[in-house]
Amino acid sequence: MMADTMNSMQRTLTALSQKEPDRVPLFLLTNLHGAKELGLSIQAYYSRAENVAEGQMRLLKKYRSDCLYAFFYAAIEIEAWGGTTIFLPDGPPLCGSPVIARHDDIDHFWKPAVMETACLLKVLETIRLLKRHVGDTVPIVGVAISPFSLPIMQMGFDRYIELIYEQPERFQRLMAINTAFTIEWANAQLAAGATAICYFDPLSSTTNIPRDLYLKTGFRVAKQTLSQIKGPTATHMASGRCLPILADIAETGTAVVGVSAWEDMGTLKAAANKRVSLLGNLNGIEMRRWTAKQAETEVKRVIARAGQGGGLILSDNHGEIPWQVPDDVLLAIGDAVEHWGRYPLEWIANEVDRP
């Protein structure tokens with residue numbers, strides 16, 4: 001194993017500046033696996049900031065990732081609005097009943113105050129603890145659901161789509177409320193010590209809505225929101241396709257785009273054209289069944305297609321590696337990055353058949 005010449009922060013910043021660091025950065029987003037490391041249930045694990053901070057530090061060392069992930073679970077933002085969470089024994093926590101039961105509830109809907117909301121304060125404390133551990137040597141990634149995608153959890157997909165098409169005034173009111181919340185929430189995480197914010201926006205993906213609707217809705221919301229977040233952001237499609245809108249996403253001011261396993265990394269890299277970096281695109285669902293050899297093959301594929309010239313962070317395609325992915329696969333991913341991700345990537349030119 002070759003010795004690293006950069007720390008994780010230096011490696012990541014170099015890649016994001018469209019230059020080649022010592023090796024391809026690896027962001028293994030294993031938030032749920034922290035519970036396994038501590039021998040706790042998922043619900044117990046997320047009950048204390050100290051648990052999550054300890055879990056993330058253990059995972060950082062074990063899997064040789066280049067980031068710490070301060071994400072708890074998506075439903076925590078619904079808890080902030082007065083909603084509930086359903087905890088599962090072997091998967092991500094789910095949202096309980098919608099906090100917006102009817103469209104006219106939006107007329108009396110108000111955002112929570114971040115610094116007065118217990119569940120969010122727990123996340124901020126986790127970030128502070130992680131910052132004390134690593135300082136500026138490892139990126140700490142915070143998470144905020146986009147104002148445009150958040151209503152899927154607030155009211156349900158069907159009612160939300162009806163709102164977008166049939167009640168534009170209420171849609172705009174909800175976007176104004178959610179935007180104010182997302183900006184406050186993201187900036188609170190940055191102030192606590194997060195390096196960057198992952199802006200999850202799956203509804204904007206062309207898997208879910210056409211580009212013309214995105215340009216009228218999610219695109220405008222993202223430009224307004226990201227311009228007021230006081231730090232770098234990465235826009236994540238959470239497994240959704242983004243190639244038809246990649247140039248549009250770049251115009252929102254984001255630095256990184258989390259891309260789908262269903263799109264070709266070489267095509268995405270050409271379309272990005274150094275305006276944004278790419279995060280991805282290992283298939284987290286398929287990862288549950290990989291052998292160590294398959295893990296190596298997939299790592300090689302991504303690096304061969306998008307690694308040259310920097311601008312790539314290797315990661316899964318969804319932003320959350322499933323609980324069921326075994327240790328030997330995650331360890332094999334780290335081994336493969338160590339072997340195949342070292343710059344310069346001379347092995348690519350020497351291969352007769354690229355992965």
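**Exercises on strand pairing and salt bridges**

Strand 2 and strand 5 run parallel and are joined by 2 bridges. Strands (E, at least two residues) and helices (H or I, at least four) are DSSP runs numbered from the N terminus. The model is predicted: local features need pLDDT of at least 70 and side-chain atom pairs 80 or more, while totals for chains, interfaces and linings use all residues. Numbering starts from 1 along each chain as its sequence is written, and side-chain values use heavy atoms, without hydrogens or water.

**Exercise 1. Give the strand order of the open sheet and find its edge strands.**

Step 1. Two strands pair if DSSP finds at least two bridges between them. With that rule, 8 strands make up an open sheet, and the pairing is parallel.

Step 2. Read across the sheet, the order is 1-10-9-8-7-6-5-2.

Step 3. Strand 1 (26–27) and strand 2 (68–69) are the edge strands, each pairing on one side only.

**Exercise 2. Trace the partners of strand 5 on both sides.**

Step 1. On the strand 2 side there are 2 bridges. Here Leu68 stands opposite Ile140 of strand 5.

Step 2. Ala144 faces Tyr199 of strand 6, and Ile145 faces Phe200 of strand 6.

**Exercise 3. Is strand 5 mostly covered or mostly exposed, and which way do its residues point?**

Step 1. Classify by relative accessible area: buried is under 20%, exposed over 50%, partly exposed in between (1.4 Å probe, protein chains only).

Step 2. Strand 5 is mostly covered, with 6 of its 6 residues buried.

Step 3. Sort the residues by direction. Ile140, Gly142 and Ala144 point one way, Val141, Val143 and Ile145 point the other way, and all are buried.

**Exercise 4. Locate the partners of the bridge between Glu184 and Lys111.**

Step 1. The closest N and O atoms of Glu184 and Lys111 are 2.4 Å apart.

Step 2. Glu184 belongs to helix 9 (residues 168–192) and Lys111 to the loop between strand 4 and helix 6 (118–134); this pair links distant parts of the chain, 73 residues apart.

Step 3. Both ends are partly exposed, Glu184 at 27% and Lys111 at 33%.

**Exercise 5. How many residues apart are Arg128 and Glu125, and in which helix do they lie?**

Step 1. The side chains of Arg128 and Glu125 form a salt bridge of 3.2 Å, N to O.

Step 2. Both residues lie in helix 6 and are 3 residues apart, about one turn of the helix.

Step 3. Arg128 is partly exposed at 31%, and Glu125 is partly exposed at 23%.

Terms used. A salt bridge is a side-chain nitrogen of Lys or Arg within 4 Å of a carboxyl oxygen of Asp or Glu.
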